[in-house]
Every structure is written in structure tokens, then in C-alpha cells.
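Me: I would like to learn how to read a protein structure, one feature at a time. Could you guide me through this one?

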Amino acid sequence: MTIQEAKQQVVHFSKRLYASGMVSVYEGNISMRVGDKFVITPSRTDKYTLTEDMIIEFDADGNILNPDNGKKISSEWKMHAEAYRVRPDLDAIVHCHSPYATAYAMAHKPIIPLGNTEAIAIFKEIPMAPYGRPGTADIANGFKDILPKYPAVLLENHGVLTIAKDLAEAYSMAEGVEKIAKMELLASLLGGEKKLAEGEIAFLRSL
């Protein structure tokens, strides 16, 4: 994939993310790795009006490679860079503040499905990374222990991050996390999900 193709993907999925309600105008960010370079959504820019020339190119040290575009790099570039360092096999990240999943992050509750067969099979669980101040490297605390085992993580008091081989998959996972969070919450209002047998949970997690 070329840098320009990656920018096209970032713009496309940024608009889908906004249309889905998983981000508001200024929150969240999307990135891709292309070789030893990265592209990411700019800081404080409406996702719905993004164009390819607004997307920031940067290296692993945060140096902007296309400074003439007039935009600032996302404040969360360090979080993205660390996720890619931990998962050198994956090349796309979606970070969003989807309402139901972010509510779990705010409540410091990892999502551990025990009665939702698809959620158990696909995600096993969605663990919680410890709090780190937004815009700093601390937000990626815990990535080295979590991301090698789980492609989706809740960021304590912050939101959600998914990492995948491409943006289509990373976006689909972000959608999946939000739907699971919503179903878990609704089930809790009905007295809680009914847990599957331990053997069945173990089987689903092994898929």
C-alpha cells in the first residue's frame, strides 16, 4: 500500500466512524503504518470534512514528514506509535470514544463476556489498560502486556483502541466492541447475562 492509498483509507473510515456516532467532531483518531512511516488524522479536525491532504505523515519519533499541510499531528500519536511497536505484524488502528464501551472504561470495568457466544469467540475479553494522561506516552501503559493477546483494549477513563492488519478490520472491531458493551449493559438491566458452562466458554475462547 502506498502513503496516498493509506490516506484514502484513513479519510474513508474516519467518515464512517463519525457517521456511526462512535466519535464526535474532535475526538478519536485513526492511523495506518506504511513501511517505516505512518499516517494519522490531524488534531482537532472534524472527521466528517477530512480530506486526504489534511492527513499527517510522521515517523516513529513523531517527526512530521509533510509539515506544509498546515495541520497539527494528533495528540495521541505516541499511543499509536507504541501500539505499532508492540504489534509489528499489524498496520491499522482505530481509537474512538464510542459511548457504551467508553462508559465501561470510565467505570473501570473490563468487558468479559460469559454468555454472549460471538463475543466470547471473537474477542475472548476486552481488557482494561491503566490510566495514562491523554497526549502522553503514559496512555499506552499496559499495551506490552495486553496487545500481544488482545486486539481491542479499553483505555481507563478514556475510550477504546483496536488494532488490526487493515482499517476495515480495525473499524469492524471497534463496532463490535461497542455493540458488545451495549448488550452487556442491557443484559445487566435484565438481571445479568446467564453464564455458559465453563467448558463451553473454554471452547469458544479457543476458536
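Me: Is asparagine 157 buried, partly exposed or exposed?

Reply: Let's start with the ground rules. This is a predicted model, where local features need pLDDT of at least 70 and side-chain atom pairs count only at pLDDT 80 or more, while totals for chains, interfaces and linings use all residues. Residues are numbered from 1 along each chain as its sequence is written, and side-chain values use heavy atoms, with hydrogens and water left out. Now the terms: buried means under 20% relative accessible area, exposed means over 50%, and partly exposed is in between (1.4 Å probe, protein chains only). With a relative accessible area of 41%, asparagine 157 is partly exposed.

Me: Where does asparagine 157 lie?

Reply: Elements come from DSSP runs: helices are H or I with at least four residues, strands are E with at least two, and both are numbered from the N terminus. Asparagine 157 lies in the loop between strand 6 and strand 7.

Me: What should I look for in the phi angle of a residue?

Reply: Most residues other than glycine have a negative phi. Asparagine 157 has a positive value, near 60°. Histidine 108 is another residue other than glycine with a positive phi, near 60°. Histidine 108 follows helix 3, in the loop between helix 3 and helix 4. Its relative accessible area is 41%, so histidine 108 is partly exposed.

Me: Which residues of helix 3 are buried, and how are they arranged around the axis?

Reply: In helix 3, residues 99-106, the buried ones are Ala101, Thr102, Tyr104 and Ala105. To see their arrangement, take the directions from the helix axis to the C-beta atoms; the arc is the arc of those directions. The buried residues of helix 3 fall within an arc of 150°, so they line one face of the helix.

Me: What do the buried residues of helix 3 pack against?

Reply: Packing is read from contacts, meaning heavy atoms within 4.5 Å. The partners of these buried residues are strand 4 (92-96), strand 5 (128-129), strand 6 (152-155), strand 7 (159-164) and helix 6 (167-189).

Me: How many residues of helix 2 are buried?

Reply: Seven of the 10 are buried, so helix 2 is largely enclosed by the rest of the structure. They are Trp77, Met79, His80, Ala81, Ala83, Tyr84 and Val86.

Me: How do I find a nonpolar core?

Reply: Look for a set of buried Ala, Val, Leu, Ile, Met, Phe, Trp, Tyr and Cys residues joined through side-chain atoms within 4.5 Å. The largest core here has 37 residues, of which Leu17, Val94, Leu154 and Leu167 touch the most other members. Helix 6 gives the largest share of this core, eight residues. Apart from that core lies another, of 24 residues, including Phe38, Ile40, Val86 and Ile146.

Me: Which residues does leucine 167 contact beyond its neighbours within four places in sequence?

Reply: Its contacts include Gln9, Val10, Phe13, Ile30 and Met32, as well as Ala92, Ile93 and Val94.

Me: How do I describe a pair of aromatic rings?

Reply: You give the distance of the centres and the angle of the planes. Rings of Phe, Tyr and Trp (its six-membered ring) pair if their centres lie within 6.5 Å; planes under 30 degrees apart count as stacked, over 60 as edge-to-face and the rest as tilted. By this rule there are five aromatic pairs. Phenylalanine 13 and tyrosine 171 form a tilted pair, 5.7 Å centre to centre with 40° between the planes. The two residues are 158 residues apart, phenylalanine 13 in helix 1 and tyrosine 171 in helix 6. Phenylalanine 58 and tryptophan 77 form an edge-to-face pair, 6.1 Å centre to centre with 70° between the planes. Phenylalanine 58 is in strand 3 and tryptophan 77 in helix 2, 19 residues apart. Both phenylalanine 58 and tryptophan 77 are buried. Ring pairs also link Phe38, Phe58, Trp77 and Tyr84 into a cluster.

Me: Where is serine 74 found, and which side chain does its own side chain meet in a polar contact?

Reply: Serine 74 is in the loop between strand 3 (56-58) and helix 2 (77-86). A polar contact is a pair of N or O atoms within 3.5 Å; within protein, one must be able to donate a hydrogen and the other to accept it, and residues adjacent in sequence count only if both atoms are side-chain atoms. The side chain of serine 74 makes such a contact with the side chain of asparagine 29, at 3.3 Å. At 4% relative accessibility, serine 74 counts as buried.
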